[in-house]
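User: I am new to this structure. Please take a close look at one residue and its surroundings, then step back to the rest.

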Amino acid sequence: MAWNEPGNNGKDQDPWGGNRRPNGQDQGPPDLDEALGKLIEKFNGLFGGSGNKETSGSGGGNTPTSTGKIIGFGAVIIIVLWAGMGFYTVDQQERAVILRLGKFSETVQPGLHWNPPLVDLVTKVNVTAVRNVEHRALMLTEDENIVEVGLSVQYVVSSPKDFLLEVRDPENSLLQATQSALRHVVGGSEMHSVLTEGRALLALDIESRLQALLNDYQTGLEVIKVNIENTAAPSQVQDAFDDVIKAREDEQRVKNEAQAYANGIVPESRGRAQRVSEEAQAYREQVVARAEGEATRFTKLLTEYRKAPEVTRERLYIVAMEDVLSNASKVMVDVKGGNNMMVLPLDQIMQNQSLRAATGAGGKMSSSMVDEITNRVIQQLTQGGSSSRESR
């Protein structure tokens, strides 16, 4: 019996077993196939497909519509996947260079970004990492000597666009530029400067010239620092070079010692010369002052002599004898009325006295005894002179 024939008690039955509600609403959930089919039809319309349904006479199924549904559903999935692949994140220490269809578009800053896949090519470059390259070579100096120099160059990427697009191999270009700058600077310096105190200045010159070359090449690299690792003579002549260095050190040491001696003797000689000059000046002033005093005294004495010649003459005689005898080491005793003159060798007496004082208690006579004997001799001589005068 057909599903819509009379006699079914007024109830419409679905040939697939579904029952309809009395008010004409379905009792089951909405048809998902129908909703999906409508969505696919819309996409087919967007891509030029037809939304008309073609039914077959007896099968009850729609083959062209099912194929369109599958194609549309696949297109949706592809579009979703394609859109999802366009999201990417740029870290804080990175920059992203965007190439749109092979042509430079922009440089992207850190953050979350989206670019259409297969259309834009995104290349990330770390611009904060400090990179390092080392180089060592033998080369001639200005004074035609061979030296071996080893250095290291620290650098960062300053321009991601130039680093990726302007030069094929920026790091190789950096190495070649380093060789060129090193040979140019060392070739214009002397060996002694390269091996000793000129290394710091050598590194600064190389850094300046290397950065200029990198800017000319548009490598997008920035040199942070150039370090001179070591400088030495070739190993074949290292022993001879060590002897030369030692000789130069000895030369410098001798020069320093000579300079130290000169620094000590020159001020001393100048001080001695100054002292002699000041002593001469003092002696000059002393002699002039004494001469002036003598002249003044003579003038005053002349005035007194003119007033009393006899008294002044005798006074001058006494003063002169006093000065002479005060410096004599012998005493002459003249006995009045007699013909003999006795000489007392006071210098010898005083010398013997000093010797006895030096010997101490071991001496035969003390200083007091010598003085007593001397006084007795003088007294006897005086008394003898007096007695002989009285007898006469």
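Analyst: A polar contact of 2.7 Å joins the side chains of Asp 120 and Arg 100. Such a contact is a pair of N or O atoms within 3.5 Å; within protein, one must be able to donate a hydrogen and the other to accept it, and residues adjacent in sequence count only if both atoms are side-chain atoms. This is a predicted model: local features need pLDDT of at least 70, side-chain atom pairs count only at pLDDT 80 or more, and totals for chains, interfaces and linings use all residues. Residues are numbered from 1 along each chain as its sequence is written, and side-chain values use heavy atoms, with hydrogens and water left out.

Asp 120 lies in strand E5, residues 120–126. Strands (E, at least two residues) and helices (H or I, at least four) are DSSP runs, numbered from the N terminus. Asp 120 has a relative accessible area of 10%, so it is buried; buried means under 20%, exposed over 50%, partly exposed in between, with a 1.4 Å probe and protein chains only. Leaving aside residues up to four places away in sequence, Asp 120 touches Ile 98, Leu 99, Arg 100 and Asn 115. Contact here means heavy atoms within 4.5 Å.

Now the whole chain. The protein chain has 10 helices and 10 strands. Of its 392 residues, 21% count as buried. Take the contacts between residues at least 6 apart in sequence: 59% of them join residues at least 24 apart.
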